[in-house]
Amino acid sequence: MHKATIQLEGLSCPSCQQKIDKAVKSVNGVDKDSVKVLFNSGKVKLNFDSGVGSIEDIEKAITVQGYEVLKSQVKAI
Amino acid sequence: MQLYILRRKNSIAFLGGFLIVLAFVSKIGFGNIDIFVWALIAASILGAAPIAIQAYQALKIKVVSIDVLVTVAVVGAFLINNYEEAAIVTFLFLFGAYLEQRTLNQTRSAIKELTEMAPENALKQRENGEFEEVEVDEVDVGDVLLVKTGARVPVDGTVLTGEGHVNEASITGESIPVGKKADSKVFAGTILENGTIQIAADRVGEDTTFGKIIELVEEAQDSKSEAERFIDRFSKYYTPAVLVLAFMVWFFSKNVELAITILVLGCPGALVIGVPVSNVAGIGNGARNGVLLKGSEVIHDFSRVHSVAFDKTGTLTMGNPKVADIEYYSQDTEKALGYLASIERESDHPLAKAVVEYIGDTRLHNVTSTNVVKGGGIIADIDGHRVAVGNVSLMEGENVHLDDKARDDIDRFEKRGNSLVLTSVDGELIILMGIRDQIRSGVKEDLSRLKALGVKNLMVLSGDNQGTVDLIAKELGLTEAHGHMLPEDKSAYIAQLQGKGQIVAFVGDGVNDSPSLALADIGIAMGGGTDVAIETSDVVLMNSDFSRLPHALGLTKATANNMFQNIFIAVGVVVLLLIGVFFSEWVNMSVGMLVHELSILAVIVNGMRLLRYRLKY
C-alpha cells in the first residue's frame, strides 16, 4: 500500500469536491475509504495499491475533470 | 484536446466576453444583425466547450454536476435559437468561476502564509564531513545539519556547536530573537537571524512542532460541522432533482425557455460554498493572530459559551515564581547579592531559581562549605564570612536580630502572598526578598473583555489552598473560586456544570489538565509548545499568550455570525429567484446566471471580512 498526497490548484467550484472524490475512487487499486478531498487546502489524500493502480492514473483521473495537479507525494506504508 | 481546452478556461472566458461586446456594438452601433448573431453563436460554442467537457467527464463517473445543468441549458437555448442567452450564460459561468478562484485564494491567504513558512531545504553532513544541500524530506533523525544566518531551521533539533539568535515567531508568535548555544533546542520553521549553528535532527517532517501545527490547521480548515455535512448530502441529490424538475416543467408546459431558466437558477452555488468560506477565513485570521481553532464545530461551540473555567498556575499566573518584593538593610548590597547568587545557583529549589534569575549577572564568590538546614535554608562559608539564606526560623536559629522595620516588612510581604527568603552575613540581616507566582499582566483586562463578549461565569479551579485562590479571584473579579481541587475534581466540576445545560470552556496548560481539556465543550490550551496540550485541546493559544483569549472568543462569534449570514444570503437568493421566475417577467436565464454568480461572490467577499476581524475594545 502507498499513501499519496496530491496538491491541486485552489478548488473553488461548489461541486468539485464531489467530482474529484468520485473520480479518484473510480481508479483501480484506490482504497475507497481512504480518499479525503480537502476543499480549502486543495489537497487529496488517499491510499492505493501500487500493484493495481499508479499515481499517474490517479493524477490523470483528476486532470480530465479539469483540475490541475501541482505536486504529488507518494510514501510506502 | 480536452485537456487543452480545460487548461484555457480563463482565456476562453475573456474571448467570449469580447465576442459578446462585439455583437452588441455591431447591433446597437451599426444595426448589423448578421455579425450580432454569428458573434454570439461563436461565443456560445466557444464557452460551452469546456463546460460540456467537464459535464461529460463528470457524468462518466456518475456525478450530476453543475456543469451538466449549464450544458443542458445552453443546448436548450441553442435549440430555440436564443443565442444571446446561450452566449451570456456560458460567459458568466466561466468568468464567475475565474473570479471565485481569485477571491477564494484571498480568503485562504492567511493559512497559506503559515504553510509557506515550512522549510524546504537543509544542509546535511555527508560521511566525508562536507555539507550538501538536500530536500528536507531526505533528512532523517540523527542527521547533522548546518544552519547559516538567515536560513530556516529545517527540523526540530539540538544545537551541537555554534551560537546564534533565532526568531521563533512561527512557533511561539514571539518575534524577539532567542539566544541559542550548544545543547539548546531549536525548532523547524524558525529563522536563524545571526550566527551559524550545527544541529542534530531530533524530529523531522510532520513530527516537528511546526509540522504538527500545519497539519492541525490544514485539517481544521476543512473540518465539517453537522450543518455542512447536511448541506453536502443535500447538494448531492439537489442537482439531479433540479434536472428532473426542469424536464417535468418542459414536459407539461412545453415551455423550453422556462425549463432552461429553472436549470440555471437551480445551480447550487452560494449555499455549498458559503460556510466553508467563513470557516477558512475565520481559522486563517486565528492562525495569523496566535490562535489555533480546530475546526468549525469548535467555532460553533465556543461562540455560544456560558462559562469559562481557568486553571490557576501557569494560566492566570505566570507559573514560575519570581522575586516580587525586595528590601535591603545595609548599604553594601553588591557583595551580599554576590554571596546570595553564589549559594543559590547551586540549588535547584524553585525559590532559588527565582533568586538567581532576579540577581542576574554578578561577581560570583567561592563557596567553601555549605550546610543545608531542612525546612530552613542554607548556611555557607564564603570569603571567611558566615552567610545564611532561608526563612524566618533559620534567621532566629542563627540569632539574627530582626528589628521593628524588618518585622513590619515581613508581615507586609506575607500578606501579599509571598514566600520569604532572608539573607544574613555574619549574623546581620542584609536582604529580605518576597517571591510569588505573579498574575500575568493584562489578565484582568482580558477577563473583563470576555465578560463584555457575553461570558456569564468566570471561575478558577485550582489545586492551591482556598486562601490564595480567593485572593486571586478577588483581584481579577472572577465569579467563582474553588481551591484544593485534584485534576479529577476539576473535570467532575465541569461535568456538573454541563449537567446544568451550560456550555463550558476550560483553559489550562495541558499537562495535568488534560482530562478537563478533553471533557470541557471547548478545551483551550495555553500552548507553550507541549504536544499533549496541542493534541487534546480544541483551541490553542500560541506562546501561552493569555491576551489571545478574548480575540479567540470574539473571532468565533464573528465567524459563526458570518456563516449564518452566508446561509441567509444563499437561501434568500434562491427563494427570490424562484418567486421572480414564476411571478414576474424579468427573470430569464442570463439574469439567473448573473444573480447566481453574484451571490457566490457575495458570500466569498462577506467571508473575507473575517480576515480583517479585530476585537474592538
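**View 1. Helices α4 and α5 of chain B.** The axes of helix α4 (residues 66-79) of chain B and helix α5 (residues 83-107) of chain B come within 8 Å and cross at roughly 160°, where axes are lines fitted to C-alpha atoms, for helices over the stretch in contact, and angles run from 0 to 180 degrees between N-to-C directions. This is a predicted model in which local features need pLDDT of at least 70 and side-chain atom pairs count only at pLDDT 80 or more, while totals for chains, interfaces and linings use all residues. Residues are numbered from 1 along each chain as its sequence is written, and chains are lettered from A and ligands numbered from 1 in the order in which they are written. Helices (H or I, at least four residues) and strands (E, at least two) are DSSP runs, numbered from the N terminus. α4(B) and α5(B) are therefore roughly antiparallel to each other, a term used for angles over 145 degrees. Val70(B), Ala73(B), Val74(B), Ala77(B) and Phe78(B) of α4(B) meet Glu85(B), Ala86(B), Val89(B), Thr90(B) and Phe93(B) of α5(B), two residues being in contact if their C-beta atoms, placed from the backbone, lie within 7 Å.

**View 2. Helices α8 and α11 of chain B.** Helix α8 (residues 209-221) of chain B packs with helix α11 (residues 270-288) of chain B at an angle of about 155°, their axes lying 9 Å apart. α8(B) and α11(B) are therefore roughly antiparallel to each other. On the side of α8(B) the contact is made by Val217(B), Ala220(B) and Gln221(B), and on the side of α11(B) by Asn279(B), Val280(B), Ile283(B) and Ala287(B).

**View 3. The sheet of chain A.** Four strands of chain A form an open sheet in the order β2-β3-β1-β4, with antiparallel pairing; two strands pair if DSSP finds at least two bridges between them. The edge strands, each pairing on one side only, are β2 (36-38) and β4 (69-76) of chain A, and the twist averages 15° from one strand to the next. Seven bridges join β4(A) to strand β1 (residues 2-8) of chain A, and these two strands run antiparallel. Within this part of the sheet, Ile6(A) stands opposite Ser72(A) in β4(A). Helix α2 (residues 55-63) of chain A lies across β1, β3 (43-48) and β4 of chain A, running at about 150° to β4(A).

**View 4. Where chain A meets chain B.** Here 18 residues of chain A are in contact with 28 residues of chain B. Helix α1 (residues 16-25) of chain A supplies four residues, the largest share of the side of chain A that touches chain B.

Technical notes
Angles under 35 degrees count as roughly parallel, over 145 as roughly antiparallel, 65 to 115 as roughly perpendicular and the rest as oblique.
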